[in-house]
Every structure is written in C-alpha cells, then in structure tokens.
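I opened a new notebook page for this chain. Below is what I looked up, in the order I got to it.

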Amino acid sequence: MVGLRKILPGNGARILLKVESDNPTGSMKDRMALAMIEAAAKDGRLKPGGSVVEYTGGSTGVSLALVCAVKGYSLHIVSSDAFSKEKLDHMRILGAKVQIIPSEGGGMTEKLTRDMIAAAAVISKTTGAFWTDQMKNTDQLAAYHEMAEEIWRQTEGQVDGFVQSVGTAASIRGLGEGLRLWKPSVKVVAVEPAESAVLSGGKPGSHKMDGIGAGFVVPMWSAGLADGIARVSTEEATEMQLRLAREEGLFAGTSTGANVIAALRLAEELGSGATVVTVMCDTGMKYLKSLGAG
C-alpha cells in the first residue's frame, strides 16, 4: 500500500493505492487468471495439457498466458487493435496464439466487446478448449476476497471508502464483498468511462481506457455492489495517469488514473480523517506507445 503525498484532496483525507504492478506480469489480473485456471484444473473442466481460450482487452490475456505457459496449457486469445500493442506482444512472447478483431477508430465499444466474446465462444465450441469466460466466471472472486484481506491487514483496518473501475465487475464485487465482511460501513464507489456510462444509466459509446467500460451492463454487476458510480472521461484519466508518474513516481495505466480521480472525489465527500483505498491496477510500461513514448 502506498499513500499519495502530492495528489491530495483539500480536506486532508488520506488516499492509499494498492500497488498491483509488482505482480509477475505487472497487473492485478495475475490473481484472477491463476484462480480461474486452478479451479478448472481441480474440478476437471481443464484437463492436463489441455487448451484455454479467452477474449481480453489485454491484461487478462497476458496473465493467462503466463499461467498457461507455466502449467503447460496452450492458449488462444481473442483481442483487438483497440488495446495496447505492448500487451498483445507480451501475450505472444509468452506463447499465446492471438486473434485480432478490428476496432472502429481504435476505440472500445459495445460492439467490439460482443464481437470478441462471440469469437471466443466459436473457438471454444469448435476446438473443445476450456473458455475461462471472465465475464461470468465467479472462480476469480476468491482471488479478490484474498486481496481484500491484504488491504484490510495493510491498512490495519483503516478503510472508510473503496474505489475501483469496472470491467467484468469481478474485482469490485470481490474486493467490495471482502472489505464489507470486515467493515459493513465501507463506502464502495464504482468507476466507469464517462463516454460509455451505462452502469449509471448513460448510453454506450467509444472510449480508450483498456480493460474497463464494456459498453453494456456486465453479468457480474448488480446495483448493490456499489454505493455510488463515478464517471471519468478518457481525457481526465490520461491526465491523472501522467500526473501520478510525474508527481508521485507511480507509473500506471489509464484505469488507475480514473480510480484516483474518483478516490479524490470520495475523499472530499467523506471528509478529513477518512481513508480511501483504491487500486493501482497495472504498470504504465504496458502503455508506452499509446502515451507517445515510441
């Protein structure tokens, strides 16, 4: 856990980031990938030496590629040119076969998400590969419950608010459930792209935040998961992504930028003395090209 020192709310509340960039592939998704694969192997859905398929915006695919490489499974990933080239290259280097679904103008949209899901379903049906199906797979929740316990221990129980961006909704569901077991009054806020704010009743649209904002209400989402929903634009998230790097020395992705913006808002709401926790979802090394670094 790292406390922000310079990017702070005006009222003196504290914001802590759970730094997940030190996981093996630089992403919190290592936790859920391992949980899904081990659960399927344990109950026989995934046989020794078998094949795995998944659609992904990138980080889940990289995490699955690492886990499958270590455990001896072949992996077929469905992704898109809408997502970071670094992530696509990383998957391939780890041995995954990657199928690219073209985007419209490089943006994440509802149609793109549904096209990738449909392609993964076809591969699973025609090849017999085990589909981890991250949109619906509740095996991953155990990994986030464990992460919630880590947060609780590391803060010594000082958590008043928790903020997390929503992709499949598994992380906010698992982390929120876990923290509320320890402290039912923890205020949980979900974050979604302002350009595609479907969870808060808006219309789907195109945005450029990898891994979040599917463009429709995802299966694992329910209104009771969060006490509020924050809308953050791609522009705002990218600006905060760069501020975190330049002012705090924390180089993360755009979803983390969105998380911090929403955490600042929640900290202002909760007042002085409050502690708000959010997640540094991954390392910014996955986004160098998109930030114009080469």
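This is a predicted model: local features need pLDDT of at least 70, side-chain atom pairs count only at pLDDT 80 or more; totals for chains, interfaces and linings use all residues.

I started with E156, which counts as exposed because its relative accessibility is 70% (exposed means over 50% relative accessible area, buried under 20%, partly exposed in between, with a 1.4 Å probe and protein chains only). E156 sits in the loop between helix 5 (141-154) and strand 7 (161-165).

Residues are numbered from 1 along each chain as its sequence is written, and side-chain values use heavy atoms, with hydrogens and water left out.

Next I looked up A169, another non-glycine with a positive phi, here about 80°. A169 lies in the loop between strand 7 and helix 6 (170-182). Is A169 buried or exposed? A169 is buried, because its relative accessible area is 2%.

Then I went through the whole chain. I counted eight helices and 10 strands; these are DSSP runs numbered from the N terminus, helices being H or I with at least four residues and strands E with at least two. The radius of gyration is 18 Å, close to the 19 Å from the globule rule for 294 residues, so the chain is as compact as a globular protein of that length. (The radius is taken over C-alpha atoms, and the rule is 2.2 Å times the number of residues to the power 0.38.) The C-alpha atoms fill a box of roughly 55 × 40 × 35 Å along the principal axes.

How much of the chain is buried? Buried residues make up 58% of the 294. I also checked contacts (heavy atoms within 4.5 Å): of those with a separation of 6 or more, 72% join residues 24 or more positions apart.

On charges, I found 31 positive and 32 negative side chains, with the centres of the two sets 3 Å apart. Lys and Arg count as positive, Asp and Glu as negative, while His and the chain ends are not counted; each charge is placed at NZ of Lys, CZ of Arg, CG of Asp or CD of Glu.

Last, the cysteines. I looked for disulfides (cysteine sulfur pairs within 2.5 Å) and the count came to zero. C68 counts as buried because its relative accessibility is 1%, and C281 is buried too, at 7%.
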